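Biologist: Before we discuss how the side chains and helices pack, could you put the sequence and the model on the screen?

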Amino acid sequence: EESDSITNQKKVLKDFIEDNPEFSSVYDIYCDDGYTGTNFDRPAFQKMIHNMESKLINCIICKDLSRFGRDYISVGDYLEKVFPKNNIRFVSVNDNYDSADANNRGNSFAIPIKSVINDKYAEDISIKVRSAFDAKRRNGEFIGAFAPYGYKKDEQDKNKLVIDENVSWVIKKIYSLLIEGYTKIEITRKLNNENIPCPTEYKMQQGLNYCNSNKIEATKYWTYSTVHSILKNEVFIGNLIQKKAQVISYKVKQKIKVEESKQIRKDCTHEPIIDIETWEKVQDILSRDTKAMKTNEVVNLFAGYLRCGDCGRALHRNSSKYTNKDGNIVNWHSYICGSYAVYRNCTRHTIKEDDIYNIVLNDIRKNAKLALVTEEIVEILNAKQDNRNKRKRLNVELDKLEKESQRVYQLKKSVYEDWKAGDISREDYIAYKEDYENQQKQLEQKIETMREERNKEQEKIDNHNVWLMKFKKYAEIEELDRDIIVDLVDCVIVFEKDKDKMVEIKYKYEDEFIKLIQELPDSENIACINDCSVGSRLYGGSAWDT
């Protein structure tokens with residue numbers, strides 16, 4: 001529908017023409033409803049210029065100069081050069097300007113000034129709109145034109161995201177497939193083979209007037225970049241990161257990337273589709289260089305997790321076949337150092353796939369059993385008198401500081417009321433107010449420091465529990481899968497056979513667990529752990545050392 005502004009402008013021009021019979025023949029009305037006047041790349045405006053150059057029109061009338069344009073440089077160029085060159089008469093009704101009126105030449109001095117004011121008004125509006133958008137972003141409100149794939153806008157609040165149940169399962173499927181070992185390109189093929197509409201197609205199916213500027217014409221399928229962006233987008237864990245790009249200025253609409261420090265981030269703004277544990281697993285996988293074998297559609301179980309103990313390079317997987325003594329063809333897999341395989345640097349560091357599989361499986365089982373025993377350790381640590389006293393002291397002091405801060409706030413409030421009631425002078429009020437504000441600022445700083453200290457104590461306990469919970473759920477595992485490796489293992493280091501050790505397994509969270517053990521008195525340590533090992537395992541041949 002036509003906007004009220006356009007309807008009003010047409011009425012003004014119609015009345016003007018009726019009052020001035022010399023403008024008897026109207027060739028056309030050029031209307032760019034919804035376009036900005038800060039540039040002249042407007043379709044109807046360009047059509048008007050084309051008709052001017054084709055000698056179809058010889059006069060242009062507008063309601064006022066701001067309706068013609070708000071870029072004072074371009075407006076001046078048209079009025080002073082382009083129109084005179086093409087013998088075009090220009091009339092601005094509300095500005096009382098007519099380029100053909102010799103008696104109104106004095107008004108021509110005001111036209112450039114009005115043009116500058118129109119331009120600066122547009123700039124001022126642009127600054128205010130940007131500021132308003134930034135305020136909404138900082139408040140955690142979503143201001144995009146279209147909700148991200150997997151979400152939709154709340155019907156009661158357009159600035160809030162709610163889960164779109166129709167496609168949220170696709171997001172979960174993408175994350176799940178990556179953890180299972182599928183590469184991003186194989187996930188893309190799988191989604192296309194299952195005829196799942198890509199995000200752009202889905203939005204169009206919903207009747208949204210959506211256009212993806214990065215999308216190749218007629219592309220209606222999932223791509224690698226789409227899957228990659230979904231796997232990296234924090235919106236799926238409930239966080240909003242906005243203002244990643246912005247236009248150069250209100251006149252230049254080209255977008256540029258905003259550096260990360262200036263982007264506006266707000267956490268926990270909406271319901272997540274992906275839980276934080278799954279998110280961290282996926283980010284860990286993405287940080288590793290993993291490739292699928294050409295014959296498989298999933299990456300190998302240990303891809304990205306095996307490292308050479310001497311040069312630190314990733315191990316390569318070799319596959320071969322041989323005929324056993326029974327005449328059967330057997331597939332044989334092993335790993336060798338990447339530096340040796342590609343450049344013949346380092347040494348082979350050969351290890352059978354079955355050996356590495358059994359070593360890791362058995363060690364996870366041992367750690368899982370240790371986790372069951374270690375629950376007693378955490379209980380002892382949490383119950384230690386020193387730790388209990390420290391947490392209690394922090395809570396008592398924090399409560400005292402918060403009450404004192406509230407008392408000072410009430411005093412500041414009452415002194416204002418005393419001033420308004422005329423009980424104290426304005427000078428006394430200002431002096432009291434400044435004193436109370438300084439007190440409150442110092443108290444807030446102490447409260448913040450105390451909270452950070454308390455949070456660190458709680459984080460220490462949480463880290464202990466993370467190690468336990470991770471391993472406890474694998475106490476009864478019979479075989480390894482990619483999910484278990486991603487969940488527990490940081491890396492597996494393979495050494496040459498003639499070294500003192502052959503394999504070292506480094507687990508995630510083991511540093512926190514070792515700190516836990518170190519905090520225990522020696523007697524408790526011995527009583528609880530006995531001869532159990534902790535942290536990295538060192539394997540020599542088939543035996544493992546405690």
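**Rings and helix contacts**

Biologist: At 8% relative accessibility, does Phe40 count as buried or exposed?

Modeller: This is a predicted model, in which local features need pLDDT of at least 70 and side-chain atom pairs count only at pLDDT 80 or more, whereas totals for chains, interfaces and linings use all residues. Residues are numbered from 1 along each chain as its sequence is written, and side-chain values use heavy atoms, with hydrogens and water left out. Buried means under 20% relative accessible area, exposed over 50% and partly exposed in between, with a 1.4 Å probe and protein chains only. Since Phe40 has 8%, the residue counts as buried.

Biologist: How many aromatic pairs are there, and what kind of pair do Phe40 and Phe45 form?

Modeller: Rings of Phe, Tyr and Trp (its six-membered ring) pair if their centres lie within 6.5 Å, and planes under 30 degrees apart count as stacked, over 60 as edge-to-face and the rest as tilted. By this rule the count comes to 20 aromatic pairs. For Phe40 and Phe45, the centres are 4.9 Å apart and the planes make 55°, which puts the pair among the tilted ones.

Biologist: And what kind of pair do the rings of Trp419 and Tyr429 form?

Modeller: Their centres are 4.7 Å apart and their planes are at 10°, so this pair is stacked. Helices here are DSSP runs (H or I, at least four residues), numbered from the N terminus.

Biologist: At which angle do the axes of H7 and H9 cross?

Modeller: Axes are lines fitted to C-alpha atoms, for helices over the stretch in contact, and angles run from 0 to 180 degrees between N-to-C directions. Helix H7 (residues 184–193) and helix H9 (residues 224–232) have axes that come within 9 Å and cross at roughly 110°.

Biologist: How is H6 oriented relative to H9?

Modeller: The axis of helix H6 (residues 168–180) comes within 10 Å of that of H9, with a crossing of roughly 90°. Angles under 35 degrees count as roughly parallel, over 145 as roughly antiparallel, 65 to 115 as roughly perpendicular and the rest as oblique. H6 is therefore, relative to H9, roughly perpendicular.

Biologist: Which residues of H9 make the contact with H6?

Modeller: Contact means heavy atoms within 4.5 Å. On the H6 side the contact involves Ile171, Ile174, Tyr175 and Leu178, and on the H9 side Val227, Ile230, Leu231 and Lys232.

Methods
Helices (H or I, at least four residues) and strands (E, at least two) are DSSP runs, numbered from the N terminus.
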